[in-house]
Amino acid sequence: MDIGGTNIRTGMVNKEYRVENFVITDSQSILDGISSTENLSRYIRDYIERNAGFGKPLAISLGFPATIDKEKKYVVSAPNVKGVDNIPIVDILQKEHGIPVFLDRDVNMLISNDMYDLKLETSGIVMACYIGTGFGNAIWINGSIYSGYSGSAGELGHIPVLGRDDLCGCGNTGCIENYSGGKMLEHIHEAHYSKTDISDIFVKHGDEPLIQDFVEALSIPIAAEINILDPEYVILGGGVLQMKDFPRDLFEGFIRKHTRKPFPEKTLRIIYSEQRQENGVRGAGIYAFKALEKKEAAQ
Ligand SMILES: [Zn+2]
């Protein structure tokens, strides 16, 4: 499952990583903030009954737009999803459904999908940035997802910007996600181009300084992380980059401009993730198969 503030995407992923019985449901009807976990569990039960025939899935795997605890048992903070913070959701669902339950950040599910999709079989370092409303980031080091000491690594959208102090959804002020991402684009649209449909903003205004400055702003956190990690590959994706006539060349030029020279700029390899509705679901499936393998190997 790929759980978001607006939609919940559900599917069954088979061993060949194909997605079947894919459905999109409105989040609000399930995650109402009062009985979110109970509703989610009931939704999963109904879905399995409808789609799994007489069988049972090997596992349930959930991606949340959230920070997750180190043991990956509960959501620590999901500003856009109601009623899921600090509830032992993995233990609850495991008990109710009798199968393993896996939980991680949605971006870690996306990078799991993209690593497979783009055939990046690497034991090195890969970073991914998914720019939508928020600024999603996932880091892959030596064959696995890097989640940090407390489980909260890769919060690239929340690096601070000197001299800015707008309140962020995370509770801090001046986070770069507010100046570099979908929220800023909405703000620019509202303030300057409200007569243009936002989906045409790059088509009609792509050559104007305001939009070019926005594109440069997107490159700043990316270049910052490239300068820290010196990655083998950089995966870029998310709704903003998929918009019509988004200026990829200009964007990559800005990323290179702000990356340290001669290295890692010289060896920089940028790849775009292909936007599909089921990416998060497929990634959650791949993630679960890998986690099950690891579990088996440990026994
Ligand atoms: Zn923040």
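**Entry 1: Lys72**

I opened the notebook at Lys72, which counts as buried because its relative accessibility is 18%. My cut-offs are under 20% relative accessible area for buried, over 50% for exposed and partly exposed in between, with a 1.4 Å probe and protein chains only. I found Lys72 in the loop between β5 (67-68) and β6 (75-77). I then looked up the backbone of Lys72 and read a phi near 60°, a positive value in a residue other than glycine.

A note on the ground rules: this is a predicted model, where local features need pLDDT of at least 70 and side-chain atom pairs count only at pLDDT 80 or more, while totals for chains, interfaces and linings use all residues. Residues are numbered from 1 along each chain as its sequence is written, and side-chain values use heavy atoms, with hydrogens and water left out.

I located Tyr17 in the loop between β2 (7-13) and β3 (19-26). Is Tyr17 buried or exposed? Its relative accessibility is 13%, so Tyr17 counts as buried.

Next I checked omega. The bond joining Lys261 and Pro262 is a cis peptide, with omega about 0°. From Phe263 to Pro264 the peptide bond is cis too, and omega is near 5°. I placed Pro262 in the loop between α7 (248-258) and β12 (270-272), and Pro264 lies in the loop between α7 and β12 as well.

**Entry 2: the chain as a whole**

I stepped back and found eight helices and 12 strands in the protein chain. The radius of gyration is 20 Å, close to the 19 Å that the globule rule gives for 299 residues, so the chain is as compact as a globular protein of that length. The C-alpha trace spans about 60 × 45 × 35 Å along its principal axes.

Buried residues make up 51% of the 299 in the chain. I looked at contacts (heavy atoms within 4.5 Å): of those between residues at least 6 apart in sequence, 61% join residues at least 24 apart.

For charge, I noted 31 positive and 41 negative side chains, and the centres of the two sets lie 4 Å apart. Lys and Arg count as positive, Asp and Glu as negative, with His and the chain ends not counted. Each charge is placed at NZ of Lys, CZ of Arg, CG of Asp or CD of Glu.

**Entry 3: Tyr47**

Tyr47 is found in helix α1 (residues 36-51) and is buried, with a relative accessible area of 5%. Which backbone oxygen does the side chain of Tyr47 reach? I found that of Asn21, at 2.6 Å. Leaving aside neighbours within four places in sequence, Tyr47 is in contact with residues including Thr10, Met12, Glu20 and Val23.

**Entry 4: two asparagines**

Asn108 sits in helix α3 (residues 106-117), and at 1% relative accessibility Asn108 counts as buried. Its side chain makes a polar contact with the side chain of Asp104 at 2.9 Å. Not counting residues up to four places away in sequence, Asn108 touches Ala138 and Ile145.

Asn137 is found in strand β9 (residues 135-141) and is buried, with a relative accessible area of 1%. I followed the side chain of Asn137 to the backbone oxygen of Ala128, at 2.9 Å. For polar contacts I used N or O pairs within 3.5 Å; within protein, one atom must be able to donate a hydrogen and the other to accept it, and residues adjacent in sequence count only if both atoms are side-chain atoms. Beyond neighbours within four places in sequence, the contacts of Asn137 include Arg105, Cys129, Gly154 and Glu225.

**Entry 5: Leu250**

My last stop was Leu250 in helix α7, which is partly exposed, with a relative accessible area of 27%. Not counting residues up to four places away in sequence, Leu250 touches Gln212 and Val215. Leu250 and Gln212 are 38 residues apart in sequence and 8.1 Å apart in space, C-alpha to C-alpha.

Conventions. Helix = DSSP H or I, 4+ residues; strand = E, 2+ residues; numbered from the N terminus. Rg over C-alpha atoms; globule rule 2.2 N^0.38 Å.
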